[in-house]
Amino acid sequence: MGKVTLNVAGMSCGHCVKAVEGSVGALVGVHLVTVNLDEGTVDVDFNSDLVTLEKIKETIDDQGYEVA
């Protein structure tokens, strides 16, 4: 089980939250995704045997946001 907090640039509204939480949350192995707009962070609890951190970052990038 892994847990990570990612700094993500470009998120500013409810649509951003839904886009990130929905896409990352749909990945097999991701248990919980929480976006904090005020801090510009995304917390992800995931099973590292099923999904990689790189795949999570790539999924956020595919939604149009930059993972720092």
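**View 1. Val30 and Phe46 in the predicted model.** Phe46 of strand 3 is the bridge partner of Val30. Strand 2 covers residues 30-36 and is joined to strand 3 by 6 bridges, the two strands running antiparallel. Asn36 also has a counterpart in strand 3, standing opposite Thr41. In the hairpin formed by strand 2 and strand 3, 4 residues lie between the strands, and Gly40 takes a positive phi near 70°.

**View 2. Strand 3 and its pairing with strand 1.** Strand 3 spans residues 41-46 and is mostly covered, with 5 of its 6 residues buried. Strand 1 (residues 2-9) pairs with strand 3 in the antiparallel sense, over 6 bridges. Gly2 is found opposite Phe46 of strand 3.

View 3. The 4 strands of the open sheet follow the order 2-3-1-4 and pair antiparallel. Strand 2 and strand 4 (66-67) are at the edges with a single partner strand each, so one side of each has no neighbour in the sheet. Helix 1, residues 14-25, packs on the sheet and touches strand 2 and strand 3. The direction of helix 1 makes about 165° with that of strand 2. Helix 2 lies across strand 1, strand 2, strand 3 and strand 4, and runs at about 30° to strand 1.

View 4. Ser48 belongs to the loop between strand 3 and helix 2 (53-62). The relative accessible area of Ser48 is 46%, so this residue counts as partly exposed. Between Ser48 and Gly2 there are 5.9 Å in space, C-alpha to C-alpha, although the two are 46 residues apart in sequence.

Notes. Residues numbered from 1 in each chain as written. Predicted model: local features only at pLDDT ≥ 70, side-chain atom pairs only at ≥ 80, totals over all residues. Heavy atoms only, no water. Buried < 20%, exposed > 50% of the residue type's maximum accessible area, 1.4 Å probe, protein only. Pairing = 2+ DSSP bridges. Contact = heavy atoms within 4.5 Å. Axes fitted to C-alpha atoms, helices over the stretch in contact; angles between N-to-C directions.
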